[in-house]
Amino acid sequence: MIISVLNQKGGVGKTTLSIHLASTLALAGKSVLLIDADLQRSALDWAASRDAEPIFNVVGISTASIHKEVKLLENKYDFIVIDGPPRVYDVAKSAIAASDFIIIPIQPSPYDVWSAKEVVDLISEVKAAISVYKTIHAAFVINRKIPNSVIGRDVTEALQQYKLPVLKTQLCQRVIYAETAARGTSSIEEDPDSIAGKEIKTLTEEILQQLKQTTKVT
């Protein structure tokens with residue numbers, strides 16, 4: 001199963017979300033590969049900063065051949081997570097073509113809602129081109145929400161114009177994400193019972209439910 005985290009807008013938390021999704025699946029006993037498709041190589045830098053043994057593999061593929069290269073890899077892993085690039089349309093299209101499910105992280109801001117049109121249009125373009133061969137699902141997730149604010153609800157309503165589902169689980173902006181990134185770990189790995197750990201577990205289970213998977217994240 002191939003899950004991409006994509007948005008043509010930068011700074012929406014794609015890498016953090018990708019790492020936490022991969023970590024949660026790996027801790028649930030699944031074999032996971034994280035593909036860093038961003039030229040900034042943030043996921044690879046994260047992996048290099050880690051002292052402990054890795055719980056999943058990380059590789060860099062930032063070319064428009066991702067959809068071809070994953071065919072050689074997907075039988076070796078239960079899940080492949082692709083951390084997509086901003087503003088690199090050919091690579092993004094390749095990641096979309098490779099995907100079974102696409103997560104579009106959106107910050108609770110009108111700017112993010114407006115810019116979402118780019119990635120939605122790209123997904124529609126690729127889906128139309130390959131619909132004969134496979135089905136690609138996509139959904140928004142509200143990311144970096146300010147805790148105890150209601151703005152996430154307003155953004156959910158605004159996103160309805162794009163005719164894609166918005167996942168119920170919303171991730172809040174939390175210091176632990178930056179702290180664990182510096183150590184090459186994740187909040188779910190260091191403290192699965194933390195608020196952040198519980199949020200990402202709930203999100204992962206919701207994604208698996210969308211994929212009609214029976215994996216239980218514990």
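Helices (H or I, at least four residues) and strands (E, at least two) are DSSP runs, numbered from the N terminus. The structure is a predicted model: local features need pLDDT of at least 70, side-chain atom pairs count only at pLDDT 80 or more, and totals for chains, interfaces and linings use all residues. Residues are numbered from 1 along each chain as its sequence is written, and side-chain values use heavy atoms, with hydrogens and water left out.

The chain contains 9 helices and 6 strands. Its radius of gyration is 16 Å, close to the 17 Å that the globule rule gives for 218 residues, so the chain is as compact as a globular protein of that length. The radius is taken over C-alpha atoms, and the rule is 2.2 Å times the number of residues to the power 0.38. The C-alpha trace spans about 45 × 40 × 35 Å along its principal axes.

Of the 218 residues, 50% are buried. Buried means under 20% relative accessible area, exposed means over 50%, and partly exposed lies in between (1.4 Å probe, protein chains only). Contacts require heavy atoms within 4.5 Å. Among contacts with a separation of 6 or more, 77% join residues 24 or more positions apart.

Charge was then examined. The chain carries 24 positive and 25 negative side chains, and the centres of the two sets lie 5 Å apart. Lys and Arg count as positive and Asp and Glu as negative, while His and the chain ends are not counted. Each charge is placed at NZ of Lys, CZ of Arg, CG of Asp or CD of Glu.

The interior was described through nonpolar cores. Such a core is a set of buried Ala, Val, Leu, Ile, Met, Phe, Trp, Tyr and Cys residues joined through side-chain atoms within 4.5 Å. In soluble globular proteins, nonpolar side chains tend to be buried together. The largest core here has 36 residues. Ile-66, Ile-82, Ile-96, Ile-102, Ile-104, Phe-140 and Leu-159 touch the most other members. Two or more residues each come from β2 (32–36), β4 (79–83), α4 (89–98), β5 (101–106), α5 (110–130) and β6 (137–142). Helix α5 gives the most, with 8 residues. A second, separate core has 28 residues, including Val-5, Ala-26, Phe-79 and Ala-139.

Ile-66 belongs to the largest core. Residues up to four places away in sequence aside, Ile-66 touches Ala-37, Ile-61, Ile-82, Val-91, Ser-94, Ala-95 and Ala-98. Helix α4 has 7 of its 10 residues buried, so it is largely enclosed by the rest of the structure. The buried set is Val-91, Ala-92, Ser-94, Ala-95, Ile-96, Ala-97 and Ala-98. These residues pack against β1 (2–5), α3 (66–69), β4, β5 and α5.

Asp-112 sits in α5 and counts as buried at 2% relative accessibility. Beyond residues up to four places away in sequence, Asp-112 touches Lys-9, Val-12, Ile-106 and Gln-107. Glu-199 lies in α9 and is buried, with a relative accessible area of 12%. Neighbours within four places aside, Glu-199 contacts Thr-169, Gln-170, Leu-171, Cys-172, Arg-174 and Tyr-177. Its C-alpha is separated from that of Ser-187, 12 residues apart along the chain, by 10.0 Å.

Thr-202 also lies in α9 (residues 195–210). Thr-202 is partly exposed, with a relative accessible area of 41%. The C-alpha atoms of Thr-202 and Thr-169 are 6.8 Å apart, although 33 residues separate them along the chain.

Asn-57 lies in strand β3 (residues 57–60). Asn-57 is partly exposed, at 40% relative accessible area. Asn-57 and Ser-42 are 15 residues apart in sequence and 14 Å apart in space, C-alpha to C-alpha.

Backbone geometry was considered last. Most residues other than glycine have a negative phi. Arg-144 has a positive phi of about 60° and is not a glycine. Arg-144 is in the loop between β6 and α6 (151–158) and is partly exposed, with a relative accessible area of 28%. Lys-163, another residue other than glycine, has a positive phi near 60°. Lys-163 is found in the loop between α6 and α7 (175–182) and is exposed, with a relative accessible area of 74%.
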